[in-house]
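Trainee: I have a model open on my screen and would like to talk through it with you. Could we go step by step?

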Amino acid sequence: MKDFADDIPGLMRDMGRAARTAAAELASASADQKTTALTLAADALLAARDEVLAANAKDMAYGRDKGLTDAMMDRLRLDQGRIDDIVQSLRAIAAQPDPVGAVLAEWDRPNGLHIKRVRTPLGVVGVIYESRPNVTADAGALCLKAGNAVILRGGSEGFHSSRAIHAAMVEGLRGAGLPEAAIQLVPTRDRAAASAMLTATDHIDVIVPRGGKGLVGLVQREARVPVFAHLEGIVHIYVDASADAEMARRVILNAKTRRTGICGSAECLLIHRDVAQGLGQDVLDALMAEGVEVHADDGLRGSQPATEEDWGTEFLDMKIAAKVVDSVDDAIAHIRKYGSDHTDCILAEDPAPVAQFFARLDSAILMHNASTQFADGGEFGMGAEIGIATGKMHARGPVGAEQLCSFKYLVTGNGAIRS
């Protein structure tokens, strides 16, 4: 592997220039070209499955030596099923309508102007991510679909896996006659490359971080480029007095135990006092029977007592906090204080508390009677996601191809002049 350590700024400058040139070409690329590129990339990835698994084995060994947590190792791991999932995501994104050029609104003015607001690419997207090699494919595909060039800086622990997946993406671009610089992968583990991306205002239009609190916090503090990000997924589920018992048990077990290392995993249960000793305790007992460590508030039996630190903690593990609340208002107040504006859920049959929950909370995703593990772009029909954005500007929730677009106004007159 070539050593880029002597000139990281030069490397990143060259990548940025190439991405900017590629973005200009992609902005007018046909929908068929982009679809072809993604379809060929899916075919190439499927054909290279053995090579990808061999690369991932190197990364798993590296991760073990580095002492990664179980949650991080789970995010890093690839198997045949997960590669098949990546392939299916590529095909799903390829099959979606092209967002570029879509007319969002159209109207006529008394002054003779006809005005259209249409979707247009953002330009160049920089993605900095940890552990998850699937982000290489998801981010590359979504950016391409939206007509953007992308610079990918994967985590050091997924270095070999990302390179193997990236090779398939480039093969797709080449086969469709699109510039290979449309999807670039930073070819070094050196952290200076990520730092250079954060200040590359001439070459990158937006940064998307995918990773833990440390990475996202660093990006938000140091970036001079606009950022789409969420800091943490402190996901709450409120169990109302009107909740259906069997549904609540099934949803909560799935929300906590299906995959604990993803940002949609439930981290805190808020249980209405009227059902705390019945349904609430039954749910906690079921969680503990599945191996979940329950940090329980007074009035609930858990694995250990809850502390103030447990509220607002993203465990990303087989752990959950549980608290008794007196009403939906108390649940809302707790979520406002300790939540992260990511995903929160209410389990209830009475429509009144549901309406209150939806109206008074402003998390990017609010759910009713559904597992929070559905907080995912693929499950929202986007094929995949580049991340979950919790900010107030531009994109919120799962960031798919449409959210990776901006818009412009096309104004047509017939010799109109302004008096």
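Trainee: How far apart do the end C-alpha atoms of residues 17-286 lie?

Mentor: Happy to start there, and keep in mind that this is a predicted model. The UniProt record, an unreviewed entry, lists residues 17-286 for "domain: Aldehyde dehydrogenase". That span is 51% helix and 17% strand. Its end C-alpha atoms are separated by 55 Å.

Trainee: Is strand β4 largely enclosed by the rest of the structure or open, and why?

Mentor: Look at both faces of β4. Ala149, Ile151 and Arg153 point one way while Val150 and Leu152 point the other way, and all are buried. Buried here means under 20% relative accessible area. Because 5 of the 5 residues of β4 (residues 149-153) are buried, the strand is largely enclosed.

Trainee: Which residue in β4 is the bridge partner of glycine 126?

Mentor: Strand β3 (residues 124-129) runs parallel to β4, and 5 bridges join the two. Within the pairing, glycine 126 has as its partner in β4 isoleucine 151.

Trainee: And which residue in β5 is the bridge partner of valine 150?

Mentor: β4 also pairs with strand β5 (residues 183-185), parallel again, through 3 bridges. Here β4, helix α7 (residues 159-175) and β5 make a right-handed β-α-β unit. The β5 partner of valine 150 is isoleucine 183.

Trainee: What is the bridge partner of tyrosine 129 in β6?

Mentor: β3 is joined to β6 as well, by 5 bridges, and the two run parallel. Strand β6 (residues 206-210) has 5 of its 5 residues buried, so it is largely enclosed by the rest of the structure. On one side sit Val206, Val208 and Arg210, on the other Ile207 and Pro209, and both faces are covered. For tyrosine 129, the partner in β6 is arginine 210.

Trainee: Now to the surface: which element gives the most residues to the nonpolar patch?

Mentor: The patch is formed by Leu104, Trp107, Phe407, Tyr409 and Val411, with about 470 Å² of accessible area together. Two elements give two or more residues to it, β1 (103-108) and β16 (405-412). With 3 residues, the element that gives the most is β16.

Notes: Residues numbered from 1 in each chain as written. Predicted model: local features only at pLDDT ≥ 70, side-chain atom pairs only at ≥ 80, totals over all residues. Heavy atoms only, no water. Buried < 20%, exposed > 50% of the residue type's maximum accessible area, 1.4 Å probe, protein only. Helix = DSSP H or I, 4+ residues; strand = E, 2+ residues; numbered from the N terminus. Pairing = 2+ DSSP bridges. Right-handed = clockwise from strand over helix to strand, strands pointing away. Patch = residues over 30% accessible without salt bridge, like charges linked within 9 Å, V, L, I, M, F, W, Y side chains within 5 Å. Areas by Shrake-Rupley, 256 points an atom, 1.4 Å probe, with all protein chains shown as cover. Salt bridge = Lys/Arg side-chain N within 4 Å of Asp/Glu carboxyl O. UniProt positions renumbered as here; feature names shortened; annotations may be inferred.
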